[in-house]
Amino acid sequence: MDDLTRLAKDMDDAADRLHDRAEDLVRASTLRTEALGKANAPVLTGLLRSSITSQVDSGPARITGETGPDITYDVYVHNGTSRQPPNPFMDAAADVVQPHYYAAAERIGGQVLDG
């Protein structure tokens with residue numbers, strides 16, 4: 001029974017390490033996307049840029065990160081209008097961060113399994 005108890009503890013420890021590393025990755029990626037979104041956002045008054053914020057929520061089975069502007073006209077800047085071409089500043093930020101996120105997620109999985 002000691003071997004089963006040890007195995008169960010090792011599995012719990014691995015799950016905790018995976019969760020912690022995944023949460024760190026989601027937080028870092030979300031903040032990096034926020035920073036790049038702010039850098040890419042057009043600036044007339046600075047209001048659009050300053051409205052870009054991030055939030056990370058973590059539970060036992062799910063970790064989510066969300067970033068973006070919270071101002072009424074951001075969608076018109078991002079998607080464009082009949083008078084203004086689109087400026088997809090948040091999409092551009094996500095395009096930079098996404099490949100790094102997936103590569104890091106793969107490395108985290110391997111590290112946790114290796115101990």
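This is a guided tour of one predicted protein model, stop by stop.

**Before you start**

Residues are numbered from 1 along each chain as its sequence is written. Because the model is predicted, local features need pLDDT of at least 70 and side-chain atom pairs count only at pLDDT 80 or more, while totals for chains, interfaces and linings use all residues; side-chain values use heavy atoms, with hydrogens and water left out.

**Stop 1: the whole chain**

Show the chain as a cartoon. It has four helices and two strands (DSSP runs numbered from the N terminus: helices are H or I with at least four residues, strands are E with at least two). In sequence order the pattern is α-α-β-β-α-α.

Now turn the chain around. The C-alpha trace spans about 70 × 20 × 20 Å along its principal axes. The radius of gyration is 19 Å, whereas a compact globule of 115 residues would have one near 13 Å (taken over C-alpha atoms; the globule rule is 2.2 Å times the number of residues to the power 0.38).

Of the 115 residues, 24% count as buried (buried is under 20% relative accessible area, exposed is over 50%, and partly exposed is in between, with a 1.4 Å probe and protein chains only).

**Stop 2: helix 1**

Select residues 2–40, which form helix 1. How far apart are its end C-alpha atoms? They are 56 Å apart, which agrees with the 57 Å that its 39 residues should span at 1.5 Å a residue (the expected span is 1.5 Å times one less than the number of residues). Colour the buried residues of helix 1, among them Ala14, Leu25, Val26, Thr33 and Leu36.

Next pick Ser29, also in helix 1. Is Ser29 buried or exposed? Ser29 counts as buried because its relative accessibility is 12%. Leaving aside neighbours within four places in sequence, Ser29 is in contact with Val97 and Tyr101 (contact means heavy atoms within 4.5 Å).

**Stop 3: the two strands**

Select residues 53–58 and 63–68, strand 1 and strand 2. They run antiparallel and are joined by six bridges (two strands pair if DSSP finds at least two bridges between them). A hairpin of four residues leads from strand 1 to strand 2.

Zoom in on Gly65 in strand 2. Gly65 is the bridge partner of Val56. With a relative accessible area of 42%, Gly65 is partly exposed. Beyond four places in sequence, Gly65 is in contact with Val26, Thr30, Gln55 and Val56.

**Stop 4: helix 4**

Select residues 89–114, helix 4, and find Asp95 there. Asp95 has a relative accessible area of 53%, so it is exposed. Asp95 and Thr33 are 62 residues apart in sequence but 9.0 Å apart from C-alpha to C-alpha.

**Stop 5: the largest nonpolar core**

Show the side chains of Ala41, Leu48, Ile52, Ile71, Val77, Phe89 and Met90. These seven residues make up the largest nonpolar core (a set of buried Ala, Val, Leu, Ile, Met, Phe, Trp, Tyr and Cys residues joined through side-chain atoms within 4.5 Å). Centre on Ile71, which touches Leu47, Leu48 and Ser51, not counting residues up to four places away in sequence.
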